[in-house]
Each structure stands twice: as structure tokens, then as C-alpha cells.
Amino acid sequence: MRVVRAPGGRQYTVHTEGPGGTLGEVPLFAGGRYPATALAAEPTLCLVLRRDALARAIAADPELAFRLLARLAERVRTVVSRLDRRTSQTVPVRLATLLLARHAEAGGAPFTLGATQAEAAEELGTVREVLVRALRTLREAGLVEAAGRARFRVRDPAAVRGWIGAQGGGDPRR
């Protein structure tokens, strides 16, 4: 699931959730409206819990409240980290960091940026056109190469990490 906001018509990703993830805690715990929209990237089965059912589950197992709080705290860390990157790193640096992550996830095999370039741009907090220019910059620098339709390969992860550091992007493994 991609959780997105679209103020002023420009959509960006707030966070993502995978199997076992949770959504909708803000209105569940604090009331009011949902602060963002969840979009399923693939067919998804969700369990909807009512506040009273959750309250009963917490009463029966108080440790459940701490697990939920830990999950929320981790999400806050992720959102703060994402905000820091968006304000302190250029789009090419953020893209290079994403490419390294996709490279690692794929075990060095060719990979895609995401479902679409627009969604990858949302993930990076930019628009598709800027992402395409940043990708061209990284390809021209010899850091990444095309490996088929919408698929890429990192040529030398150490060189990419060095390039990120030279751009003032810090340690991409953080």
C-alpha cells in the first residue's frame, strides 16, 4: 500500500505499508478524518477493526498497546527521515539512494524503480520529469545502465555510494 497526499494536485508518498502493516490509526485514536489516502499496488485483503474491538483486545493483552505504539513510533521515524532527505538532498542523490536499495533488494539483478516512474517520483518527493532528468544524469555518469524496458542495473554500488558522498548526500546506508 502506498499512503499518499496530494495538496495542490501534486501527489507525494507519505509512507508505504506491506503485509501485516497498519493503516488509519490517526482517526482511530484521535478522531477526525484520514490525513492521507491509501492506494493498493496489488490486490489486498484488509482487516477493519472498530475502536471498541481494539479497546477490548488491549484490555485483554496490554502488551498489544505497546506493539501498536512501537509501530507508530517506527512510522514517525520513517516519515521524519523521508522529510530530512527531501529537504537536505537533491533529487539525483535521493534517486541514487533508491537505486542502491532496489539493487540490494534484487540481489544485483536488474530491477524496476517501482510500478511507474510517476510512483517512483512520488516516493522521492518530486515529479516524473525531474526523476527522468536525474536518471539521465546517473546514466551519463556511468553509475546505472538500462537493462531492458523500465529495468535498470547498478554498475558498481561502491561507485554510487562514493558519488552520493561527493554530492553531499551522506551515507546512503542510513
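**Close-up views of a predicted model**

**View 1. Glu25 is a buried residue of helix H1**. In this predicted model, Glu25 has a relative accessibility of 9% and therefore counts as buried, since the cut-off for buried residues is under 20%. Glu25 belongs to helix H1, which covers residues 25–30. The side chain of Glu25 is joined to that of Thr22 by a polar contact of 2.3 Å. When neighbours within four places in sequence are set aside, the residues in contact with Glu25 are Ala30, Leu72 and Arg75.

View 2. The 15 residues of H4 should span 21 Å at 1.5 Å a residue, and the end C-alpha atoms are 21 Å apart, so the two values agree. Among the buried residues of H4 are Val93, Arg94, Thr97, Leu98, Leu100 and His103. Gly107, which follows H4, has a positive phi, near 65°.

**View 3. The crossing of helices H4 and H6**. Helix H4 comprises residues 91–105 and helix H6 residues 128–140; their axes come within 9 Å and cross at roughly 70°. The two helices are therefore roughly perpendicular to each other, because angles of 65 to 115 degrees are classed in this way. From H4, the residues Val91, Pro92, Leu95, Ala96 and Leu99 meet Val130, Leu131, Ala134, Leu135 and Leu138 of H6. This contact of H4 with H6 consists of 10 nonpolar residues, with no polar and no charged ones.

Key:
Residues are numbered from 1 along each chain as its sequence is written. This is a predicted model: local features need pLDDT of at least 70, side-chain atom pairs count only at pLDDT 80 or more; totals for chains, interfaces and linings use all residues. Side-chain values use heavy atoms; hydrogens and water are left out. Axes are lines fitted to C-alpha atoms, for helices over the stretch in contact, and angles run from 0 to 180 degrees between N-to-C directions. Helices (H or I, at least four residues) and strands (E, at least two) are DSSP runs, numbered from the N terminus. Angles under 35 degrees count as roughly parallel, over 145 as roughly antiparallel, 65 to 115 as roughly perpendicular and the rest as oblique. Contact means heavy atoms within 4.5 Å. Ala, Val, Leu, Ile, Met, Phe, Trp, Tyr, Cys and Pro count as nonpolar, Asp, Glu, Lys and Arg as charged, and the others, Gly among them, as polar. Buried means under 20% relative accessible area, exposed over 50%, partly exposed in between (1.4 Å probe, protein chains only). A polar contact is a pair of N or O atoms within 3.5 Å; within protein, one must be able to donate a hydrogen and the other to accept it, and residues adjacent in sequence count only if both atoms are side-chain atoms. The expected span of a helix is 1.5 Å times one less than its number of residues.
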